Amino acid sequence: MPEIKVTPLGAGQDVGRSCILVSIGGKNLMLDCGMHMGYNDDRRFPDFSYITQNGRLTDFLDCVIISHFHLDHCGALPYMSEMVGYDGPIYMTHPTKAICPILLEDFRKITVDKKGETNFFTSQMIKDCMKKVIPLNLHQTVQVDDELEIKAYYAGHVLGAAMVQIKVGSESVVYTGDYNMTPDRHLGAAWIDKCRPDILISESTYATTIRDSKRCRERDFLKKVHESIERGGKVLIPVFAPGRAQELCILLETFWERMNLKAPIYFSTGLTEKANHYYKLFITWTNQKIRKTFVQRNMFEFKHIKAFDRSYADNPGPMVVFATPGMLHAGQSLQIFKKWAGNEKNMVIMPGYCVQGTIGHKILNGQRKLEMEGRTTLDVKLQVEYMSFSAHADAKGIMQLIRMAEPRNMLLVHGEAVKMEFLKGKIEQEFSVDCYMPANGETTTVTTNPSVPVDISLNLLKREMALGGPLPDPKKPRTMHGTLIMKENSLKLVSSEQALKELGLNEHQLRFTCRVQLQDPHSDSDTLHRIYKHLKSVLKGYTIQHLPDGTVMVESIVIKVSSSADDTNTKVLLLSWSYQDEDLGSFLSSLLKKGLPSGLC
Amino acid sequence: MKLYCLSGHPTLPCNVLKFKSTTIMLDCGLDTTSVLNFLPLPLVHSSRLSKLPGWVSKDGTVNLEKELKECSGRVFVDSHPEFCLPERELLDLSTIDVILISNYHCMMALPYITEHTGFTGTVYATEPTLQIGRLLMEELVNFMERVPKAQSATCWKNKEIQRILPGPLKDAVDVWTWKRCYSMQEVNSALSKVQLVGYSQKVELFGAVQVSPLSSGYSLGSSNWIIQSHHEKVSYVSGSSLLTTHPQPMDQSSLKNSDVLILTGLTQMPTANPDGMLGEFCSNLAMTIRAGGNVLVPCYSSGVIYDLLECLYQFIESASLGTTPFYFISPVANSSLEFSQIFAEWLCHNKQTKVYLPEPPFPHAELIQTNKLKHYPSIHGDFSSEFRQPCVVFTGHPSLRFGDVVHFMELWGKSSLNTIIFTEPDFSYLDALAPYQPLAMKCVYCPIDTRLNFHQVSKLLKEIQPLHVVCPEQYTQPPVSQSHRSDLMLELQPPPMPYRRCSVLNLPFRRRYERVYILPELANSLVPSEIKPGISVATVSAVLHSKDNKHTLQSVPKPPPVPPSKKRKRVMEEPPVVLVPKPLLSGAVPLEAFLATLQKHGITEVKVEETADGHILHLQAEDTLIQLEEDGTHIVCDNNEPLRTTLRDLVLRFLQKL
């Protein structure tokens with residue numbers, strides 16, 4: 001039985017370091033190749049030695065697919081391709097291909113330049129890695145090789161995020177990456193057709209959450225920012241750039257315009273600003289409304305939002321600053337946080353999920369004293385607010401996607417084990433499909449049962465369809481017969497006659513002739529007629545003919561009558577049939593042996 | 001499989017393919033050359049045009065001075081311009097399931113097809129094709145609606161009258177079917193039926209066929225189409241280009257192994273080299289500007305204009321034209337320029353790389369930023385106050401019959417300092433200029449048509465080797481004006497099947513096989529046996545299920561157990577229910593081996609007699625005859641059923657079953 005195997009190297013019952021191995025139809029794929037924000041050691045990257053102990057990965061992987069540009073999905077890519085060694089194709093969408101190297105470079109700079117790590121990938125490695133990338137377009141069917149094909153679907157979440165369908169023959173797997181089932185201010189909702197994959201591998205970040213309406217959250221967010229500004233406080237919004245930043249910028253921009261506010265709004269670093277350019281050029285990946293109006297007004301040209309300079313952090317008066325990264329684990333957002341943490345007028349708004357081990361995660365859990373590098377502690381006095389703006393599907397959304405795709409099996413990744421367990425129960429109950437949630441390094445095996453594609457000769461098919469009538473009759477299923485010819489890789493189903501012809505074989509006729517003696521005091525022709533009548537009454541639904549040349553035919557069985565030479569009352573019946581009529585012929589000969597019933601005329 | 005040809009214009013095709021159970025329209029091009037028979041629509045009152053004399057037949061019996069005007073010896077219809085539509089009588093358009101669009105120039109007749117004909121299907125197009133197609137339609141509607149004309153001339157269409165009109169009006173075909181432009185409402189309704197597709201996306205139609213667009217390299221989002229089932233493949237090649245301009249390169253390899261290739265949209269200028277024309281365009285432009293004249297470039301609002309602007313971007317500095325204003329005037333100028341920058345996925349590699357930086361892929365963004373290029377929705381408004389001369393104006397429509405270009409013809413036509421440079425190949429420039437004669441301005445004709453030429457297409461066909469090629473009849477003979485140029489036609493073996501307007505072709509196609517799926521349970525129950533080395537056969541008895549054009553075979557359900565019958569005696573009398581018929585037999589029964597087998601079964605007294613075709617075995621003890629021949633065996637056995645069945649099974653041992 002064919003099998004599909006799924007092994008998470010990362011994101012198995014965890015968030016971060018997404019990296020999932022899939023074996024399907026003899027092909028091996030790696031889905032995402034991310035880093036873990038919560039670790040600074042080896043655990044930061046997936047354990048590629050699982051694939052092979054020594055040597056390069058090229059021989060073991062047919063392709064690598066990256067779902068979107070967030071570092072927990074692509075952060076280990078240059079390490080994997082350039083340091084471990086992989087030269088095969090890497091697939092990602094155009095926006096991901098554009099933005100991913102910038103985030104990787106940023107990640108590298110923080111790690112190497114600021115933290116002073118050595119033995120890390122270099123800028124050149126990022127470039128070399130990106131050269132192996134083949135861009136994917138939405139809905140395009142990409143033939144990785146003769147058998148393996150992949151297709152991308154829109155996933156929402158961030159610019160260029162994609163879900164991928166992986167198909168070999170009639171087996172298929174869909175991997176969602178991160179997705180969002182409700183459109184937001186700048187992106188559309190994820191969509192997939194009823195592709196009935198054997199396994200749907202879904203993220204489950206918000207497996208137990210059903211989020212309230214977006215509008216309420218937005219109002220809340222604006223209210224909090226506004227209040228803080230009014231009392232002269234500074235608001236820090238750590239974001240992943242690009243991504244949530246754009247949505248929140250659009251939100252603040254329109255709010256500032258409407259309320260005629262004057263407090264400055266800043267982007268940190270050129271990065272986010274650059275990101276806005278990407279959004280402008282990849283406007284086809286945003287939502288309907290933005291695409292429709294972009295000629296008149298490009299939503300990503302902000303009037304109120306300006307580039308941030310490090311010195312501004314010490315400026316007096318209120319301000320709003322968007323700074324990266326989003327989990328306060330390093331970089332500019334952390335620097336600003338340190339500066340502003342001591343003042344209770346200030347506020348930090350965490351708009352997304354924070355991985356365990358990051359400062360973001362700590363302060364969200366109410367920790368007010370933080371241990372910093374160099375054994376110093378930081379008192380957190382500013383207000384800490386959490387607003388779920390990260391564009392992941394919630395429980396409702398995940399169920400909705402399952403309904404769309406109708407998978408035969410479910411597999412959850414990118415979530416916390418406890419929450420997954422809950423969702424798994426719900427899925428199994430509502431859809432009665434098996435749901436798996438393997439841990440990292442654990443393999444889930446699903447056996448598939450694919451149908452065998454065969455080429456049927458049109459003659460045979462049309463004959464069957466004509467006989468069967470336009471609608472199949474469930475009570476009387478018609479059986480069709482044919483010969484399957486298996487030659488090299490081709491499977492052809494033809495009628496037996498055609499099979500003989502195609503294979504250049506002669507037909508061998510096997511015939512039987514039987515003499516049956518019968519007592520019947522009538523003339524030969526009367527006896528024949530009596531036989532005809534008798535068979536007519538016994539064999540309902542058969543073609544029985546009384547031919548003028550003195551024979552009776554039942555289907556293709558020939559029956560002749562002659563009188564015995566010595567006794568005219570003894571008739572000799574001659575039955576002759578071919579092997580194809582064996583059952584009927586055998587039946588007839590024993591039937592006639594019993595003689596004819598009286599009362600036939 | 002049939003092909004209905006609804007358009008005779010080779011570059012603006014409209015064909016309908018009936019394939020399996022589907023009816024597929026391939027493109028719906030609108031033949032706009034008909035507008036050349038009409039007077040231009042001026043944006044502001046033109047005394048010259050209104051003073052043109054009316055036409056009266058020579059003998060004075062027919063007076064059409066209200067409808068027809070004469071200008072420099074040519075007669076024009078003074079009415080709203082009308083278009084020549086695809087044929088609508090050849091087949092019932094409401095039966096069309098889908099329309100496949102290959103590029104934005106080939107969809108201009110869409111509203112005529114999808115509206116008011118009962119069409120209920122889906123239109124497939126790529127996103128750039130839809131967006132830019134919408135802009136071109138919007139522009140057309142705008143050009144027509146902003147200068148409403150009260151008069152609608154119909155008398156000249158009367159057959160008796162048309163016959164006596166001077167050419168080309170006399171020879172115009174199907175004039176009664178010519179139609180005025182559609183409305184914006186019809187455009188919106190037509191385009192709402194479009195479903196977007198990406199290159200190499202596989203779209204299933206009713207489970208019967210699969211269609212897939214391929215990059216054709218001609219314009220943003222332009223595509224060729226593959227229409228295929230599991231066993232048959234039709235390629236539809238429309239406007240395609242192998243030149244490196246802005247669009248993604250043409251996907252050639254996916255066209256391989258086609259049974260039929262429908263070839264349309266070759267270059268209309270087979271003798272003009274696009275690069276040479278581009279050079280001529282630049283030098284004429286520079287010459288005119290230096291001499292203090294203005295340059296008018298009648299063009300479409302999308303397509304070659306992007307390449308012209310890019311060429312000028314590089315040329316401006318070297319030709320010291322840095323201060324010359326370039327104007328692009330069209331109701332959709334801004335949209336066209338903006339849209340061109342957001343379709344990175346559909347651009348050539350170089351332009352894609354720019355987006356990754358991130359920079360706009362086309363340099364016209366910089367021309368606009370530095371104020372070298374300005375765009376305006378029309379000559380009214382801001383343009384009239386900001387307009388400086390000498391300048392270069394890009395504007396439509398290339399037919400010179402409507403749009404802002406009409407105004408510039410009236411304005412600049414009288415001065416020999418000015419130049420009009422034709423770059424679009426769709427209209428004969430002499431015909432386009434006819435209603436403006438006599439004209440003092442210089443005319444330069446540099447048609448830039450990047451579509452495949454005959455040399456390229458024959459190389460392509462050699463590469464992809466379709467079994468049959470179908471093409472417009474124009475491609476099967478050299479152009480009338482160059483009848484000696486046998487290199488300007490398609491020479492193929494077998495010769496291409498030509499079509500013309502209203503042709504119905506039977507495509508040479510024999511469908512032999514169809515895909516069925518054997519369900520796993522049945523597949524596992526099959527018993528293959530090797531018949532020849534590497535070839536195995538298995539007899540299959542199965543129930544066929546057909547749904548949505550998909551066929552599956554599953555195991556024959558076991559008959560329900562016969563309820564225990566009370567009339568036991570009758571059971572024997574029941575005729576056999578044949579579930580599985582006996583297989584066909586093949587092979588021969590070898591005499592010696594067969595005799596040995598008989599012996600093993602205790603049949604020893606066998607008298608063998610040789611005949612012409614084989615042997616007759618006489619089983620003396622049993623009084624039974626077996627006739628063994630090369631292609632048949634005949635068992636004659638009386639009254640001994642057990643013996644007969646034994647013999648049967650012994651014979652079967654030597655034969656193959658199919």
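1. A salt bridge here is a side-chain nitrogen of Lys or Arg within 4 Å of a carboxyl oxygen of Asp or Glu. By that rule, six salt bridges cross the interface of chain B and chain A. One of them joins the side chains of A:Asp455 and B:Arg515 (3.0 Å, N to O).

2. This is a predicted model, in which local features need pLDDT of at least 70 and side-chain atom pairs count only at pLDDT 80 or more, while totals for chains, interfaces and linings use all residues; side-chain values use heavy atoms, with hydrogens and water left out. Residues are numbered from 1 along each chain as its sequence is written, and chains are lettered from A and ligands numbered from 1 in the order in which they are written.

3. On the interface as a whole: 91 residues of chain B are in contact with 84 residues of chain A (contact means heavy atoms within 4.5 Å). The area buried between the two chains is about 7700 Å², with 59% of it from carbon and sulfur atoms; buried area is the accessible area (1.4 Å probe) that two parts lose on being put together, summed over both. B:Tyr356, B:Tyr513 and B:Lys582 supply 9% of the area that chain B buries against chain A, more than any other three residues.

4. Strand E23 (residues 452-457) of chain A and strand E23 (residues 513-518) of chain B run antiparallel over six bridges, with B:Glu514 as the bridge partner of A:Ile456. Strands (E, at least two residues) and helices (H or I, at least four) are DSSP runs, numbered from the N terminus, and two strands pair if DSSP finds at least two bridges between them.

5. Within chain A, strand E16 (residues 347-350) points A:Met347 and A:Ile349 one way and A:Val348 and A:Met350 the other, and all are buried. Buried means under 20% relative accessible area, exposed over 50%, partly exposed in between (1.4 Å probe, protein chains only). Two bridges join E16(A) in parallel to strand E12 (residues 234-238) of chain A, and four join E16(A), also in parallel, to strand E19 (residues 383-386) of chain A.

6. Over all chains the structure holds 51 salt bridges. A:Glu406 and A:Arg196 form one, their closest N and O atoms being 3.0 Å apart. Because A:Glu406 lies in the loop between helix H11 (395-405) and strand E20 (409-413) of chain A, and A:Arg196 in the loop between strand E10 (171-175) and strand E11 (199-203) of chain A, the pair ties together parts that are 210 residues apart in sequence.
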